[in-house]
Amino acid sequence: MKEKTISLCMIIKNEEKVLSDCLRSVKGKVNEIIVVDTGSTDSSVGIAESYGAKVFYFDWVDDFSSARNFSLSKATSDYILVLDADEQLDQSFNLYEEIKSDKDYYIMSIKNRMGKEYVLNHNAIRLFKNDHRLKYKGRIHEHININEYNTLTFETINEPQIYHIGYIPEVFSNKNKNKRNLNMLKMAVKEDPSGYNYYNLGKQFKAIGDFDSAFNAFSKSFSLNNQVSYIPNLLYHMGECLNELQKYEDGIHLVKTSISKFPEAVDLFFILGVLYENAGYIQDAELCFRKCIEIGDLEFGETLEGVGSYLAFFKLGEVLRKQGRILDAFEFVLVTLKQRKHFSPGLALALSLMDQSNIPLQNKIEFIERTYKIENVEDLQVVLAVSHALRSSMLDELLLKYNVEIEYESNCVAKQYSKQYTVARDLWMQADRINYEYGIDIFILALIIKDTELLNKSKNVLNVNKSEWKTLIQIVNRDNENIKITNRIKEILVYSLDKIFNLREASVQNYLLEILENENDVRKEIIKLLDGSGQSELAMNLLEKWIHKNEGNSHYLGMFGDKVFKNGCIEKSLKIYKQSFNNNPTYLNYYRLIRLYEITKQTLEKEKMIKDMYKNYPSSLWCESKMEEIGSL
């Protein structure tokens, strides 16, 4: 039996940066390459021809389907494979083996790299018979017209076969896709105001950060057709929009009331967990992320990769840390790194938890070597990038151990945060130019060594006005009389405190705390930073001091009660929590008292508190579970 043949069909315009990688990925895997150019002014056509492509030209008419269908008309093989220039075929994928089953079309799995190390998986028809009936429809987000025929046969291939980089922000913006796509989608909605077109319009508004317009478009899509298969994805996007707009309660209500219809939609539980976390419902967030792990990652359909695995473990680690459960948090982040060791937010959380637990430098390095073994360049790149971002004292040790040369300014950072202040000062002074990223680093060192000459190196990169610059000079000179604390000065000082806490420069941190003494709006952040650097005792002393100054502040009382509770003083913490609750009956204060009543076996008080909380926080899943425990639901 003669082996079936395959044509690759593509449409391109100015794709010289990515086209070679795409065509290289199909070398030896297709019988012919059809490339339709819609107006390139770069070297794209020449690159295509160098790979043996048959190049045709098509006048762009603001319609992807027209261009796609023109490319299909030029194919001469039995099957057609469709790729975009910013996509690559997996090298292990055998197209000829797949089409032996002789199906009309094949649904393939596509991994979309979204930037910031996140991946969105979705499925699409990319391999199909060269059949005159099969055509593309839709001006944009075009799709094969399989719904017009009832007898077509197909297979779904679950393993990822196509890798797409076009949604990485720098690639997406460079190609100016945003403006083009938005205009075309507006035209599509005008021509056909369907739920699907409004859905895609919402996704485009979301991609450019216009979350109000995105939510409105998604809402319109939902109202037009709430029975289609992409409804869980639509609800996920709506939840993300409300999260970005900080309308957390609205988002919780939307997702929670819909989730019972889609009990296996792991992405919905994930965004619900994010909404709960940002609303301060930490126990509810924990329940949601645990549910994500229970469901696991979806094998088919559009889904954010890892929401049922490493991302859920990571988020669970974050919320457990917020609950003060450091060891539990560390256990979950270890699972994150085991499943995806190059997920740098996971490594950053692990190292931060170790800082919070006052783990010595050498133990952290041993942890890195156990986890990564530094077997390849990518291992080393991830470890160095995270160490640099955290301004970790570990950075200099790693550079020396693995004999790595890095950018000049990064070397300055390595020396500074390993407390080699004289060396770092000389390096900064010799720098020809300073990147904006390093302005506050120079201020920190200038503050530690009381050096206004060094401070001048940061003058043009600190984004301060003349008055604020004078204030920074005053601070470095230890002249804190009549200091004017603007929002920008507070921002610089709080960031500096974070690094100085980790450097254990006690006199400098006390000096900055004195300057910020009366800045109530940064006190919560200061306590968080102190806890994060393992200085819980100092945090407790500050809270006690602030409470004596302002006894009615419920927030300080609650935080202080948490530290008393952690120290094992149950009765004292219960008394503090009651006072905090009476001043302000927040979700967290309800939780604190319910937890203490459980521990002290005060059943009646606990049940009364649970019922009262449910009246005030009916959207809380955690409170619902407690109501069920006491038989009140």
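**View 1. Buried area between domain 2 and domain 3.** In this predicted model, the area buried between domain 2 and domain 3 amounts to about 1000 Å², and carbon and sulfur atoms give 43% of that area. Of the area that domain 2 buries against domain 3, Q356, R391 and D396 supply 55%, more than any other three residues. The contact set comprises eleven residues of domain 2 and 16 residues of domain 3.

**View 2. Placement of the domains.** The domain assignment of the protein lists domain 1 (6-168), domain 2 (355-406) and domain 3 (414-534). Taken over C-alpha atoms, the centres of domain 2 and domain 3 are separated by 25 Å.

View 3. Three salt bridges are counted between domain 2 and domain 3. The side chains of D396 and K415 form a salt bridge, with an N to O distance of 3.0 Å. D396 also belongs to the trio that supplies 55% of the area buried by domain 2 against domain 3. Seven residue pairs, with both residues at pLDDT 80 or more, are in polar contact across the interface of domain 2 and domain 3.

**View 4. The side of domain 2 that touches domain 3.** Two elements, α15 (344-356) and α18 (394-401), each give two or more residues to this side of domain 2. The contribution of α18 is the most, at three residues. Classified by residue type, the side of domain 2 that touches domain 3 holds five polar, three charged and three nonpolar residues.

Methods. Residues numbered from 1 in each chain as written. Predicted model: local features only at pLDDT ≥ 70, side-chain atom pairs only at ≥ 80, totals over all residues. Heavy atoms only, no water. Domains from an automatic or database assignment. Contact = heavy atoms within 4.5 Å. Buried area = accessible area lost by both parts, 1.4 Å probe. Salt bridge = Lys/Arg side-chain N within 4 Å of Asp/Glu carboxyl O. Polar contact = N/O pair within 3.5 Å; in protein donor to acceptor, adjacent residues only side chain to side chain. Helix = DSSP H or I, 4+ residues; strand = E, 2+ residues; numbered from the N terminus. Nonpolar A, V, L, I, M, F, W, Y, C, P; charged D, E, K, R; others polar.
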